[in-house]
Each structure stands twice: as structure tokens, then as C-alpha cells.
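This briefing goes with the structure shown below and is arranged by topic.

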Amino acid sequence: MEFGESLRLVRSRKPLVECITNIVTVNDCANMILAAGGSPAMTMDIREVREGVAGMQALVCNMGAIDYVDSMIVAGERANELGIPVALDPVACGTTELRRTQTRRLLDCVHFSVIRGNASEIRFLAQGGKTGAGVDVKAMDEINENNVRESGEIVAELARRLNTVIAVSGKIDLVSDGRQTVALRNGCATMARITGSGCMLTSLAGEFAGADRENVFRATVACMTMMGIAGERAEEKRIRFGTGNASFRTYLIDEVFNMEPEDIDAGIRCEYL
Ligand SMILES: Nc1ncnc2c1ncn2[C@@H]1O[C@H](COP(=O)(O)OP(=O)(O)O)[C@@H](O)[C@H]1O
Ligand SMILES: Cc1ncsc1CCOP(=O)(O)O
Ligand SMILES: [Mg+2]
């Protein structure tokens with residue numbers, strides 16, 4: 001499969017992406033959507049999201065904005081009626097009772113085309129229980145070379161149950177639509193040392209699904225790979241210039257801005273499980 005095609009579609013279709021997202025990383029998410037080629041609207045007020053989402057090509061719901069779940073439900077239900085893809089970032093969904101309850105409520109009301117989270121967040125969706133440490137992955141949940149196949153099966157089962165594409169990020173990323181599952185090995189460790197790399201990635205997942213809605217699996221693999229390659233290139237620059245995580249964050253967005261569709265298929269490290 002040629003994954004660069006999804007980026008080509010983003011660049012030509014320039015999807016409008018509505019994001020209901022957290023105040024920590026909102027500006028980075030908006031700039032990342034612009035870097036890829038689409039156009040963001042970070043609007044959250046429950047009085048306008050039903051009307052607003054109708055003119056968009058994708059909706060992104062980020063549970064970092066836990067106080068806006070009602071807006072996500074109103075916007076998500078309308079997006080579902082109109083066939084507009086909806087992406088979910090289940091930020092810290094297993095960590096507190098409020099988050100566990102609100103996540104279940106959101107999943108009951110809205111169908112998501114793609115759900116992208118770290119391994120602790122996805123483990124909560126798959127198995128319940130209390131998971132995660134704040135917004136970061138818990139070491140015991142991380143996907144590694146020893147558990148990658150077993151994790152792939154859990155993720156595929158979750159994708160079938162929720163009828164969606166599931167993307168787990170980390171050192172090894174997994175993407176599954178329930179029929180096909182891949183492990184992706186791009187990226188670098190510095191990506192976990194800035195806040196927002198996950199939120200930006202889910203924003204891209206919404207954007208790519210909006211541009212390539214007939215093939216959300218391809219769209220998701222494409223944006224996960226693009227993010228990973230951008231991370232590798234940003235890390236080269238960071239080391240060359242002797243800078244730190246603040247510059248890395250800027251380089252990461254720059255590298256997506258400069259990414260060509262061919263770069264994705266040339267740089268992808270993908271294994272079908
Ligand atoms: N150790 C790592 N090696 C390579 N890529 C990583 C690593 N940790 C995180 N990433 C990448 O960083 C991005 C954000 O993932 P992650 O840190 O899991 O999300 P979150 O910020 O939601 O916890 C993804 O593109 C992921 O592949
Ligand atoms: C730090 C923080 N606190 C609440 S939301 C948020 C952002 C989390 O972003 P990411 O999961 O992309 O690092
Ligand atoms: Mg996150």
C-alpha cells in the first residue's frame with residue numbers, strides 16, 4: 001500500500017478540522033494541522049459546535065479538555081449524522097473516576113473513525129481498570145519487542161469491537177482496523193519529552209481521515225509515519241544545533257511542513273503483524 005497518497009490528499013483537499021481540545025497544547029495542534037496542509041478551528045462552545053462542525057471535513061475530540069465532553073457529544077453526534085470522520089484522543093482516560101466515566105459516555109454517544117492514544121490509554125479502552133500515570137504512558141503498559149504481537153491482537157480486537165481504527169503510539173506504534181494490523185518503528189525518544197506530541201498526532205489523524213475518508217487505515221498509518229519521520233529529522237537538527245526540547249517542538253512542526261508524500265513511503269518502517 002502507498003501511504004504517501006494520504007498526504008497528497010491532505011495537500012490537495014486542505015481539510016477544515018474542528019478541534020475540541022485542551023488548553024495546554026492547542027496552539028501546537030493548530031500549527032501542526034496547518035503544517036500538514038489543512039486548516040484548523042479550535043472552537044469548543046456548546047452553543048455553536050453543532051452548527052460549526054457541519055462545515056468541516058473532520059472533528060477531533062481530545063479528552064485533555066475533560067470539561068468540554070458535552071460539546072464533544074453534541075459535535076460528534078452531528079458529525080456522525082453528516083458522515084464527517086471523528087478522531088478521539090482519550091487523554092489519561094483510565095486515571096480518574098471522572099475520566100473513566102466520561103470516556104465511556106463519549107464512546108456510547110459518538111462513533112469514532114479513529115482513536116489514537118498511548119498504550120495506557122488504549123489499555124483502558126480494551127480492558128478497563130485504572131491505567132496510566134497522569135497524561136503519560138505507564139512503563140508497564142509500553143509496547144516492546146516482547147509483547148508487540150500479543151498487543152497487536154488486543155488492539156485488533158478493540159478495533160473490531162468499536163468498529164474503528166485504533167492507533168497506539170510509543171517507541172513502537174500499532175495501527176489496526178480489526179482486519180489488518182501494523183507495527184511502525186519510526187520516531188525518537190525526544191518526542192516523549194515535549195508536551196503535545198500525542199495531541200498533535202491525534203489532530204493529524206483527524207485531518208488525514210478527513211482528507212482520505214474512504215481509507216482511514218491508510219490515513220492513520222500515513223500520519224503516524226509522517227510524525228515519526230519528522231521526529232527523526234527534528235532530532236538530527238536538535239543534536240546538530242545542540243538545542244533542547246523547546247527547539248525540538250518547533251523543528252517537529254517544520255519537518256511536517258517540509259514533508260513530501262514520497263518521504264513517507266521511503267522512510268516508513270512498517271511490519272504487518
Ligand atoms: N521512545 C520513543 N521512540 C520513538 N517514538 C516515540 C517514542 N515515544 C513517543 N514516540 C512518538 O511520539 C508521538 C507521541 O506518542 P506518545 O508519547 O505515545 O503520546 P502521548 O503524548 O499521548 O503519550 C508518537 O508519534 C510516537 O510514535
Ligand atoms: C499536560 C497535559 N495536561 C492535560 S492535557 C495535557 C496535554 C497532553 O498532551 P500529550 O499527551 O500530547 O503529551
Ligand atoms: Mg496524550
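Leaving aside its neighbours within four places in sequence, with which residues is S169 in contact? S169 is in contact with R116, N118, G198 and L201, where contact means that the C-beta atoms, placed from the backbone, lie within 7 Å. This is a predicted model, in which local features need pLDDT of at least 70 and side-chain atom pairs count only at pLDDT 80 or more, while totals for chains, interfaces and linings use all residues. Residues are numbered from 1 along each chain as its sequence is written, and chains are lettered from A and ligands numbered from 1 in the order in which they are written.

**The sheet**

- An open sheet of mixed pairing is formed by 9 strands in the order β2-β1-β3-β4-β5-β6-β7-β8-β9, with strands taken as DSSP runs (E, at least two residues) and helices likewise (H or I, at least four), numbered from the N terminus, and with two strands pairing if DSSP finds at least two bridges between them.
- β2 (39-41) and β9 (270-272) stand at the edges, each with a single partner strand, so one side of each is left without a neighbour in the sheet.
- β1 (residues 16-20) pairs with β3 (residues 58-62) in the parallel sense over 4 bridges, and C61 in β3 is the bridge partner of I20.

- P40 lies in strand β2 and is buried, with 25 other C-beta atoms within 10 Å; a residue is buried if 20 or more other C-beta atoms lie within 10 Å of its own, exposed if 12 or fewer, and partly exposed in between, with C-beta atoms placed from the backbone.
- Although P40 and L16 are 24 residues apart in sequence, they are 5.8 Å apart in space, C-alpha to C-alpha.

**The annotated positions**

- The UniProt annotation "binding site", from an unreviewed entry, covers R116 and S169; such annotations may be inferred rather than shown by experiment.
- These positions span 54 residues in sequence, yet no two of their C-alpha atoms are more than 7.3 Å apart, so they gather at one spot.
- R116 is placed in strand β5 (residues 114-118) and counts as buried with 30 C-beta neighbours inside 10 Å.
- S169 is found in strand β6 (residues 165-169) and counts as buried with 27 C-beta neighbours inside 10 Å.

**The ligand surroundings**

- Of the 18 residues around ligand 1, N118, S169, G187, M191 and G198 come nearest, a residue being near if its C-beta atom, placed from the backbone, lies within 6 Å.
- The residues around ligand 2 include N22, T25, G64 and G198.

Conventions. Contact = placed C-beta atoms within 7 Å.
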